[in-house]
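My notes follow, in the order I went through them.

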Amino acid sequence: MVNNIVLAILLMAGVTYLIRVLPLVLIRREIKNRTVRSFLHYVPYVTLSVMTFPAILSATNVIWSALAALAVAVLLSLKGCKLPVVAAFACATVFLVELIPF
């Protein structure tokens, strides 16, 4: 059992190391392709969205409060509100929607 855990940790460490080192070793010059540059520009945003979206929907007791808070947060952020304001209104929305009995 201990050998399996150690093997799993070593395997994960090796994969993580390779993912970080291979681009440095294989790509030595500046990337000129516009499509590849655009793709690499949006990778952090997509990764953050993919990790955050399921957490938003599962963070509350009722799915409707999560959806309402998501809608409020999106609308306020599109209007240009600052992050603390968006977060406060999203939290207030969850609180108010969960007061309604379903």
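Predicted model: local features only at pLDDT ≥ 70, side-chain atom pairs only at ≥ 80, totals over all residues.

**Cysteines**

I started with the sulfurs: that of Cys-81 is 15 Å from the closest cysteine sulfur, in Cys-91, which is too far for a bond. Cys-91 is in no disulfide either. I was using the cut-off that a disulfide is a pair of cysteine sulfur atoms within 2.5 Å. The count for the structure is zero disulfides. I also looked up accessibility, where buried means under 20% relative accessible area, exposed over 50%, and partly exposed in between (1.4 Å probe, protein chains only). Cys-81 is partly exposed at 31%, while Cys-91 is exposed at 55%.

**Ground rules**

Residues are numbered from 1 along each chain as its sequence is written, and side-chain values use heavy atoms, with hydrogens and water left out.

**Nonpolar core**

I found six residues in it: Ala-69, Ala-73, Leu-76, Val-86, Ala-90 and Val-94. Helices here are DSSP runs (H or I, at least four residues), numbered from the N terminus. For Ala-73 I left aside neighbours within four places in sequence and got contacts with Val-86 and Ala-90; contact means heavy atoms within 4.5 Å.

Which residues does Thr-93 contact, leaving aside neighbours within four places in sequence? I got Ala-68, Ala-69 and Val-72. Thr-93 lies in helix H4 and is buried, with a relative accessible area of 13%.

Ala-88 is also found in helix H4, but I have it down as partly exposed, at 47% relative accessibility.

**Pocket**

Last, the largest pocket. A pocket is an open set of points on a 1 Å grid over the protein atoms alone, where a 1.4 Å probe fits, with protein on both sides within 12 Å along at least five of seven lines; lining residues have an atom within 4 Å of a point. I noted 19 lining residues, with Thr-52, Ile-56, Leu-70, Ala-73 and Val-74 nearest the centre. Helices H2 (34-58), H3 (63-79) and H4 (83-99) each give two or more residues to the lining.

How values were computed: Core = buried A, V, L, I, M, F, W, Y, C linked by side-chain atoms within 4.5 Å.
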